[in-house]
Structure formats: C-alpha cells, structure tokens
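Subject: Structure handover and notes

Hello,

Please find the structure below. My notes on it follow.

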Amino acid sequence: MNLVCKDKSTSQALYIYSSSNCLMKTTTQQTKNHIFTNNSLHSCFVAMTNVLVFVFCAIISLVVAPDSVSAQPTRAFFVFGDSLVDSGNNDFLATTARADAPPYGIDFPSHRPTGRFSNGLNIPDLISLELGLEPTLPYLSPLLVGEKLLVGANFASAGIGILNDTGIQFLNIIHIYKQLKLFHEYQLRLSAHIGAEGTRNLVNRALVLITLGGNDFVNNYYLVPYSARSRQFSLPDYVRYLISEYRKVLRRLYDLGTRRVLVTGTGPMGCVPAELAMRSRTGDCDVELQRAAALFNPQLVQMLNGLNQELGSEVFIAANAYRMHMDFVSNPRAYGFVTSKIACCGQGPYNGIGLCTPASNLCPNRDLYAFWDPFHPSERASRIIVQQILRGTTEYMHPMNLTTIMELDSRT
C-alpha cells in the first residue's frame with residue numbers, strides 16, 4: 001500500500017508512506033530517504049490506520065510549506081468607492097484628500113490616524129466585524145501580501161466619483177476605472193498563489209461594497225457656481241447621465257467576477273455640516289442638494305433592478321443610505337446624539353469649514369455627534385448605518401438585507 005501526501009499549492013510530493021518497505025520520503029529542499037529495516041518497527045507502521053497517516057500528512061504539509069497560501073477564509077470582502085469607505089489608500093498617494101493626521105483615528109484601536117475619514121472604524125470595518133471577517137487592507141498597503149490577499153482588499157480612494165473629472169482638485173486619486181484595473185491586478189496576484197480557478201471561485205463568492213455618487217454632486221456639479229457640468233447639464237439630465245455611467249461601472253464589476261454587490265445611494269448631502277456652513281442660513285438642509293439626492297437615489301434602484309433582470313440574478317443590492325442617515329439627522333436625540341448639525345471636528349459655523357486638523361475644534365465625546373468631520377459620519381453613526389445594512393427592512397435594503405444574503409449564500 002502506498003500513501004502519497006502532496007502540497008496543495010504546488011502538487012509536490014511531501015511524504016510517501018509505503019507499507020512494503022516503510023519508506024518515508026521528503027522532497028522539499030533535499031530528498032531524504034529513511035528506510036527502516038527493524039521488523040518490529042515495520043510491523044508498527046503496517047498497523048497504522050489510513051486515517052492517522054493522512055492526518056500526519058496534512059500536518060506535515062502545513063509545516064513544510066508555511067509560506068504558501070493554503071487556508072481560505074469563509075468569504076472575501078472587496079470595497080470600492082470614495083472617502084466614506086477608504087481605509088487608507090490615499091495615504092500612499094500625493095493628494096490633498098487625506099486623513100493621515102490627528103485627530104483622525106483618535107478612537108481607532110491604535111489611537112492613530114489610519115487614512116480612514118473617521119474618528120475610529122468606518123463602514124467596511126464594521127461590516128467585517130459583524131461578519132467575523134478580518135478587516136480588509138488598503139490595496140496599496142505593502143502589507144497586502146501572501147495569505148492577506150485571501151481576505152480581500154479595499155480599493156476605495158477619497159475624492160473620487162462616478163465620473164473621471166470628479167475630484168480633479170485633489171490631484172492624484174484612484175478614479176473608479178483605475179480601481180477596477182487594480183482589482184484585475186489583484187486577481188492576477190492571487191492566481192499566483194491559489195491558481196486561476198481558486199481565484200475565480202473566491203471572487204464569485206466574495207461580498208462587495210461600492211459607494212459612489214456624492215462627490216459627483218458636492219465636488220463636481222455644485223463645487224463652484226456655474227461649474228462646467230452644471231453648464232453642460234440641467235440637474236435631471238446630469239442625474240440620468242450619472243446613472244448611465246454608473247451602470248457601466250457596475251457591469252464591469254460583474255464582468256470581473258463579482259456576484260454579490262452592495263451598492264449604496266447618496267446620503268442627505270444637503271444636511272452635512274459642510275453644506276450647512278456654506279449654503280444654509282437657518283440650519284436647514286440645503287434644498288438643491290437634497291433635490292439632487294431625491295432624483296439620484298430612486299433612479300439608482302431602478303437601474304440596479306434592470307441590471308439584475310438582465311443578468312437573471314440578484315447580484316446588486318441597493319442600500320438606502322439616504323434613509324439610514326436621515327433617521328438620525330432628523331431626530332438625533334432618538335439615537336443618542338446631541339446634534340446632527342455640528343461636526344465633532346472642524347471650525348467655523350457648524351464646524352463645517354475646511355478640514356479636520358490638529359488645530360480644529362474637537363468635541364470631547366465623539367459618540368454624541370452624528371458627524372465626525374464636515375462630511376463624514378462618526379463611528380457611532382456608522383454603526384447605526386451598518387445595523388440597517390445587516391438587518392434593515394426593504395425600506396433600507398432592496399431586495400434583501402445582508403443577513404438574508406449571508407443565509408441564502410450559505411446554502412449554496
């Protein structure tokens with residue numbers, strides 16, 4: 001009887017057990033043969049059960065090849081989009097859209113800036129935490145190597161939008177089609193470890209989050225009076241154009257192998273402290289930006305429904321970020337916040353002017369503020385949003401929430 005143990009990553013024979021001559025052979029760096037001729041030892045080996053031998057082989061394969069990518073996590077997680085979900089890619093770029101200085105990260109476990117536009121964890125972190133997954137690393141991080149590739153990757157970059165001309169004032173950022181090119185590059189890197197078929201299966205089974213659209217309004221169409229896009233399009237026509245371009249992005253994401261994609265709409269853009277500071281005299285949400293969100297979000301859901309029908313599967317899941325935010329924006333005290341108008345970190349009216357810096361006003365208790373800086377939710381607000389992504393009704397998640405997705409996919 002011959003039992004051969006192979007390294008799964010290389011198909012190389014690691015150990016051979018033969019009941020006829022008790023030969024144990026390793027073929028890692030040097031071939032070593034140990035032939036045992038003692039009759040009692042030979043009898044002992046013959047008596048070994050197949051189960052024990054195979055367990056032995058499995059253990060040896062892990063010891064001999066410790067650097068190989070061998071064990072895959074339950075599900076990989078990929079993130080695309082803007083500053084709402086960027087976990088630090090812009091720290092590796094020459095751009096002004098950065099969160100690499102205190103007090104960013106003040107409530108992160110390390111209490112240091114990480115490139116996240118948050119006082120602590122952001123939405124992708126919290127989704128990973130809820131699902132029992134390891135947080136995804138920024139794709140540009142030098143730490144994203146080896147087995148870390150199996151966890152997934154975050155390709156998001158602060159300042160970007162659906163359109164390539166969105167965020168040009170931030171100079172060097174990773175626009176969405178560049179993010180998709182990096183995703184393809186990631187798959188080639190992973191294939192070197194687990195093969196093309198293993199990579200395809202991992203991507204097919206992965207969970208994906210994409211957050212785009214807000215910057216196409218606040219950092220493009222409404223960035224300055226009489227902007228190029230506002231001269232080119234009326235608001236309704238601009239929204240239709242954005243939706244048509246977003247559809248191309250999502251179709252490309254599907255063509256790259258993704259099959260479960262959470263797509264967030266825009267939040268209540270006219271209600272963030274930055275816009276209150278610039279556009280509101282009374283503290284009420286800016287009507288024009290709220291109108292833009294009211295046009296964009298329903299058309300996004302309609303487009304996703306059409307894509308799913310075309311593909312014959314519920315690939316794209318709509319997350320109603322507008323409703324999720326408006327719950328605590330319109331009634332902050334019901335959610336334990338003292339305000340949803342004033343940012344925790346900033347300066348000027350509503351702490352909404354400029355960036356959050358070491359010289360900015362800083363609230364002592366971030367949990368009491370819905371907004372961390374002029375544009376981004378606090379960690380505690382993000383936790384509320386993630387709970388709706390996980391368990392929300394169809395008013396928040398269409399056609400189903402993330403918990404239902406995970407349960408359905410666990411059966412396949």
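Helices (H or I, at least four residues) and strands (E, at least two) are DSSP runs, numbered from the N terminus. This is a predicted model, in which local features need pLDDT of at least 70 and side-chain atom pairs count only at pLDDT 80 or more, while totals for chains, interfaces and linings use all residues. Residues are numbered from 1 along each chain as its sequence is written, and side-chain values use heavy atoms, with hydrogens and water left out.

Aromatic residues

The structure holds 17 aromatic pairs. Rings of Phe, Tyr and Trp (its six-membered ring) pair if their centres lie within 6.5 Å; planes under 30 degrees apart count as stacked, over 60 as edge-to-face and the rest as tilted. Phe183 and Tyr186 are a stacked pair, because their ring centres are 6.2 Å apart and their planes are at 15°. Both residues belong to helix H4 (residues 176-205), where they are 3 residues apart, about one turn of the helix. Phe183 is buried, with a relative accessibility of 0% (buried means under 20% relative accessible area, exposed over 50%, partly exposed in between, with a 1.4 Å probe and protein chains only). Tyr186 is also buried, with a relative accessible area of 0%.

Tyr221 and Tyr222 make an edge-to-face pair, at 5.0 Å centre to centre and 75° between the planes. Tyr221 is buried at 8% relative accessibility, and Tyr222 is buried at 12%. These two tyrosines are part of one aromatic cluster, formed by Phe217, Tyr221, Tyr222, Phe233, Tyr238, Tyr241 and Phe296.

A charge sits over a ring if NZ of Lys or CZ of Arg is within 6 Å of the ring centre and within 35 degrees of the ring normal. The charged end of Arg259 is over the ring of Tyr254, 3.8 Å from its centre. For Arg380 the ring is that of Phe337, with the charged end 4.8 Å from the ring centre.

Packing of H4 on H7

Which angle do H4 and helix H7 (residues 235-255) make where they pack? The angle is about 5°, and the axes are 11 Å apart. Axes are lines fitted to C-alpha atoms, for helices over the stretch in contact, and angles run from 0 to 180 degrees between N-to-C directions. H4 is therefore roughly parallel to H7 (angles under 35 degrees count as roughly parallel, over 145 as roughly antiparallel, 65 to 115 as roughly perpendicular and the rest as oblique).

From H4, the residues in contact (heavy atoms within 4.5 Å) are Ile176, Tyr177, Leu180 and Phe183; from H7 they are Glu245, Lys248, Val249, Arg252 and Leu253. By class, this contact has 6 nonpolar, no polar and 3 charged residues. Ala, Val, Leu, Ile, Met, Phe, Trp, Tyr, Cys and Pro count as nonpolar, Asp, Glu, Lys and Arg as charged, and the others, Gly among them, as polar.

Backbone points

The peptide bond from Pro102 to Pro103 is cis, with omega near 5°. Pro103 is in the loop between strand E5 (77-81) and helix H3 (123-131). The bond joining His398 and Pro399 is cis, with omega about 5°, and Pro399 lies in the loop between strand E12 (397-398) and helix H12 (402-410).

His111 is not a glycine but has a positive phi of about 60°. His111 lies in the loop between E5 and H3 and is exposed at 56% relative accessibility. Asn351, also not a glycine, has a positive phi of about 50°. Asn351 is in the loop between strand E10 (345-346) and strand E11 (361-362) and is buried at 10% relative accessibility.

Regards
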